[in-house]
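Here is a short note to read beside the model. Take the points in order and find each residue as you go.

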Amino acid sequence: MAQRRLRVMVAKPGLDGHDRGARVLSRCFRDAGYEVIYTGCHQTPEQIAAAAIQEDVDMVGLSCLSGAHRYLFPAVKKLLVEKGADDIVVVGGGIIPDQDFKLLYDAGITALFTPGTTLESIVEWINTNVKPR
Amino acid sequence: MEKANKIKGGDVREASRLIRNLEDSIPEAKSTIKHIFHFTGHAQVIGITGSPGAGKSTLVDGLIEWSRKKGKTVGVLAVDPTSPFTGGAILGDRIRMQRHAEDPGVFVRSLATRGSLGGLSKAVGDAIHIMDAMGKDVILVETVGTGQQEVEIINHAHTVLVVLVPGMGDEIQAIKAGIMEIADIFVINKADREGTGKLQRELMAMLDMSPIKPGGWRPPIIKIGNAFEPSEFEKGLDELTTKVLDHLEHLVKSNLIGDRVRRKTTHELNEALRAAILEPVLKVLVSTGELDRMIDQLLKKETDPYSIAEEVQKKYLQGCI
Ligand code: B12
Ligand SMILES: Nc1nc2c(ncn2[C@@H]2O[C@H](COP(=O)(O)OP(=O)(O)O)[C@@H](O)[C@H]2O)c(=O)[nH]1
Ligand SMILES: [Mg+2]
């Protein structure tokens with residue numbers, strides 16, 4: 001009767017206080033049947049990476065609307081890799097200009113979602129691309 | 001064995017993975033937990049229960065801080081409810097403890113109830129063993145906090161804290177219904193609020209009427225003021241942690257610690273037997289469709305559940321009972 005359930009973390013790195021999106025997503029992920037760990041605002045990349053490992057999540061979702069994603073998203077991915085957790089998928093969302101996509105993808109961020117993306121399409125993407133490890 | 005040794009050595013990733021495998025009922029997890037069992041028995045386990053919003057997670061954060069200052073390592077198991085509709089869960093206790101995320105002496109793991117009653121997750125007992133085997137000195141277990149049936153925690157903790165807040169109206173009601181028996185210590189949280197005196201008096205009256213606990217322990221009532229006033233909060237925490245240590249000493253001195261451990265062990269064996277004996281039988285009954293046929297028979301009132309249970313017993317446990 002083994003049954004894997006997807007575990008995901010929603011985190012807000014940096015000083016950005018726009019948490020509405022992160023809260024909406026947390027609820028949406030719960031309704032999609034995932035176990036969601038929400039860590040709240042003002043997290044350092046170190047805190048996020050450590051928590052992701054302690055919680056054994058399959059995916060870390062970073063939300064940033066302040067413009068600091070260029071530094072913060074890669075930092076989280078790098079720390080996870082350093083800790084041997086390169087199998088944890090990292091995705092991001094928020095106010096992310098098109099010209100930053102390449103930098104973030106190159107840094108190992110698997111997908112990016114900007115304002116206007118429907119919740120359904122986000123869940124559909126996760127269901128297709130993130131498998132419980 | 002290799003995995004168990006890694007966990008004993010403090011490998012967080014391996015430990016969290018094993019907890020996950022136990023939650024997900026992955027068969028391989030069993031062989032590792034068998035080894036883990038031999039590394040346990042050193043940690044002090046403290047349970048924290050009380051209504052949602054009572055301030056349990058905030059209190060756990062305070063207890064982590066206190067333990068770290070004393071040089072003790074800490075494991076936290078924080079349980080939140082699974083949605084019965086979607087099977088998903090938002091595990092939010094961790095928000096209040098994130099300042100410790102980077103401290104290698106602290107390991108916080110959130111668990112969802114996944115339909116188990118009693119305020120905990122079915123994996124919680126094994127998760128305690130895992131953190132114990134990792135060498136954590138103190139393990140804090142925060143329950144869901146939905147109220148009356150939350151008595152499972154006494155099967156796991158050495159000391160149970162029941163957290164109440166003044167002015168919620170129904171707290172005494174909830175206590176009457178069963179929490180009273182499990183409390184080793186009462187905590188009145190947010191004690192800067194109106195109604196604290198009233199709640200304290202009501203609790204004392206209730207304690208006066210309750211049967212005396214084994215060894216003559218009378219649950220103390222600790223008031224903890226505003227968590228956002230560091231000096232006030234620390235004063236309350238000092239008092240609380242002193243009582244927690246007193247309680248442990250009381251258990252040891254009056255030889256009750258053995259009873260607690262025995263109760264925990266009995267509970268574990270019960271659970272293991274249920275998993276080993278009942279579940280395989282149920283699995284056969286489900287896969288052969290027999291269970292459905294039985295339920296049809298019951299619905300038509302052709303037989304009764306007791307006769308069916310006897311038949312199943314005869315068939316699967318023949319000659320044994
Ligand atoms: C509401 C809002 C606020 C509220 C925030 C309330 C709250 N608690 O969240 C308040 C009024 C407090 C606020 C304050 C500020 N704001 Co403001 N705010 C907005 C606004 C209008 C909407 C944001 C929102 O809630 N959207 C709804 C949610 C559901 O959408 P979302 O977060 O974008 O998420 C979606 C996607 O981006 C994606 N997504 C996002 N994160 C993630 C994560 C994962 C894992 C995934 C899968 C998907 C995903 O999925 C979601 C669904 O599609 C935006 C403008 C805009 N149109 O975005 C400005 C905006 C974000 N704010 C802005 C600014 C500048 C500020 C202030 C600095 C203003 C000031 N000078 O004081 C402050 C800073 C506050 C702080 N502490 O950080 C700028 C940011 C500019 C930039 N980055 O270059 C914006 C873009 C406005 C603008 N056009 O200038 N703000
Ligand atoms: N006024 C006040 N609020 C508190 C105190 N402790 C916790 N809270 C707040 O009460 C809410 C619930 O706290 P939490 O620890 O998550 O409660 P839990 O659901 O029992 O775990 C949060 O908003 C806390 O900030 C306190 O001592 N005083
Ligand atoms: Mg809590």
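## Notes on the pocket, the metals and the salt bridges

1. Start with the largest pocket. Its lining counts 44 residues, and those nearest the centre are Lys30(B), Lys122(B), Asp126(B), Glu271(B) and Ala275(B). Four elements of chain B each give two or more residues to this lining: α2 (12-23), α3 (29-36), α5 (124-133) and α9 (256-287). Keep in mind throughout that this is a predicted model.

2. Which element gives the largest share of that lining? It is α9(B), with 13 residues. The space in the largest pocket comes to about 1,800 Å³.

3. Of its residues, 18 are nonpolar, 12 are polar and 14 are charged.

4. Chain B is divided into domain 1 (41-120 + 135-254) and domain 2 (267-316). The C-alpha centres of these two domains of chain B lie 38 Å apart. Even so, the lining of the largest pocket takes at least three residues from each of them.

5. Next, the magnesium ion (ligand 3). Which residues coordinate it? They are Ser57(B) through OG, Asp93(B) through OD and Glu142(B) through OE, at 2.1 to 2.2 Å. Along the chain, these donors follow the spacing S-x35-D-x48-E. Ser57(B) sits in helix α4 (residues 56-69) of chain B, while Glu142(B) sits in strand β5 (residues 138-142) of chain B. The pair is 85 residues apart, so it links distant parts of the chain.

6. Ser57(B) has 8%, so it is buried. Glu142(B) has 4% relative accessibility, so it counts as buried too.

7. Turn to the cobalt atom of ligand 1. Its only protein donor is His18(A), through NE2, at 2.1 Å. Look for His18(A) in the loop between β1 (7-11) and α1 (20-31) of chain A.

8. Salt bridges come next. Over all chains the count is 33. One of them joins Glu82(A) to Lys78(A), with the closest N and O atoms 3.4 Å apart. The two residues are four apart in helix α3 (residues 69-82) of chain A, so about one helical turn separates them. Glu82(A) and Lys78(A) are both exposed.

9. Compare a salt bridge in chain B. Asp24(B) pairs with Arg20(B), and their closest N and O atoms are 3.5 Å apart. Here both Asp24(B) and Arg20(B) are buried.

10. One more salt bridge to check. In chain B, the side chains of Lys300(B) and Glu302(B) meet at 3.9 Å, N to O. Lys300(B) is at 58% relative accessibility, so it counts as exposed. Glu302(B) is at 52%, so it counts as exposed as well.

Terms used
Residues are numbered from 1 along each chain as its sequence is written. Chains are lettered from A and ligands numbered from 1 in the order in which they are written. This is a predicted model: local features need pLDDT of at least 70, side-chain atom pairs count only at pLDDT 80 or more; totals for chains, interfaces and linings use all residues. Side-chain values use heavy atoms; hydrogens and water are left out. On a 1 Å grid over the protein atoms alone, a cavity is a set of points where a 1.4 Å probe fits but cannot get out, and a pocket is an open set with protein on both sides within 12 Å along at least five of seven lines; lining residues have an atom within 4 Å of a point. Grid points are joined across faces, edges and corners, and a volume is the space filled by probe spheres set on the points. Ala, Val, Leu, Ile, Met, Phe, Trp, Tyr, Cys and Pro count as nonpolar, Asp, Glu, Lys and Arg as charged, and the others, Gly among them, as polar. Domain bounds come from an automatic or database domain assignment. Donors are N, O and S atoms within 2.8 Å of the metal (3.2 Å for Na, K and Ca); water is not among the atoms, so sites may look incomplete. Buried means under 20% relative accessible area, exposed over 50%, partly exposed in between (1.4 Å probe, protein chains only). A salt bridge is a side-chain nitrogen of Lys or Arg within 4 Å of a carboxyl oxygen of Asp or Glu.
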